[in-house]
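Subject: The structure you asked about

Hi,

Here is the structure I promised to pass on. Have a look at it first, and then read my notes below.

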Amino acid sequence: MSKRIALYPGSFDPPTRGHLDLIERAGRMFDQVIVAVAANIRKAGLFTVEERLEMLRDMVRDMPDVTVTQFDTLSVEFARKHGAIAIIRGLRVMSDFEYELTLAINNRKLNPEVDTVCLMPSEPYVFLSSSMVKEIASFGGDLGCSVAPEVEARLREKLRQARLE
Ligand code: ADP
């Protein structure tokens, strides 16, 4: 039987414990999960794509069925190229729903063979987002429950550099 592969695309700027929660959930449902950082030149982030890849690889280092890569095409095209049958997305609060539904329906039009699977994170991560993490970091708030220690250290360093510029 062929491997059931899922693609988890996103910005991951930076990756949070909420993203990791979803990767673990998807890992239990699929044989392989490809976490793919969108290298979108129109959407500059705080972290470079390379830095996001490093942080994600560090987070999933003990998960042999999870691979981390980047892409710069439509996610459905990337899914097709890698034989993925599903695109993983997250649903936290109601405001995610409209966006994710629109995305899912448009993606289905582009590639009817790939379905979007929306997963809900554990409760502590329901109100967690990369932008919230960056906001808290900019005010020096505690991020221990939100991101991995390595990500927190990188965030602090990034903001320190930004202040020096
Ligand atoms: P994008 O810019 O593509 O939305 P993100 O990195 O912000 O990229 O998010 C990728 C996916 O992960 C989205 O579907 C988002 O809803 C989901 N996600 C982000 N943070 C969380 C979280 N804390 N819990 C569950 N899903 C999340």
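First, a term you'll need: a salt bridge is a side-chain nitrogen of Lys or Arg within 4 Å of a carboxyl oxygen of Asp or Glu. The structure holds 13 of them. Behind this is a simple idea: side chains of opposite charge can pair when their charged atoms come close.

Before the details, two notes on the source. This is a predicted model, where local features need pLDDT of at least 70 and side-chain atom pairs count only at pLDDT 80 or more, while totals for chains, interfaces and linings use all residues. Residues are numbered from 1 along each chain as its sequence is written, and side-chain values use heavy atoms, with hydrogens and water left out.

Now for some of the salt bridges. Asp13 and Arg52 pair through their side chains at 3.5 Å, N to O. Asp13 sits in the loop between E1 and H1 and Arg52 in helix H2, so this pair links distant parts of the chain, 39 residues apart. (Helices, H or I with at least four residues, and strands, E with at least two, are DSSP runs numbered from the N terminus.) Both partners are buried (under 20% relative accessible area; exposed is over 50% and partly exposed in between, with a 1.4 Å probe and protein chains only): Asp13 has 6% relative accessibility, and Arg52 has a relative accessible area of 6%.

Arg52 also has a polar side-chain atom 2.9 Å from the backbone oxygen of Ser11. That is a polar contact, a pair of N or O atoms within 3.5 Å; within protein, one must be able to donate a hydrogen and the other to accept it, and residues adjacent in sequence count only if both atoms are side-chain atoms. Leaving out residues up to four places away in sequence, Arg52 touches Ser11, Phe12, Asp13, Pro15, Val37, Ala38, Gly45 and Phe47, where touching means heavy atoms within 4.5 Å.

Glu51 and Lys158 meet at 3.0 Å, N to O. Glu51 belongs to helix H2 and Lys158 to helix H6, so the pair ties together parts that are 107 residues apart in sequence. Arg89 pairs with Glu100, with the closest N and O atoms 2.8 Å apart. Here strand E4 (residues 84-90) holds Arg89 and helix H4 holds Glu100, 11 residues apart. Arg89 is buried at 16%, and Glu100 is buried at 6%. Shared partners also join Asp13, Arg52 and Lys134 into one salt-bridge network.

In general, most residues other than glycine have a negative phi, and most peptide bonds are trans. Phe12, though not a glycine, has a positive phi of about 50°, and a cis peptide bond with omega of about 0° joins Asp13 and Pro14. Phe12 is in this loop and is buried, with a relative accessible area of 2%.

Cheers
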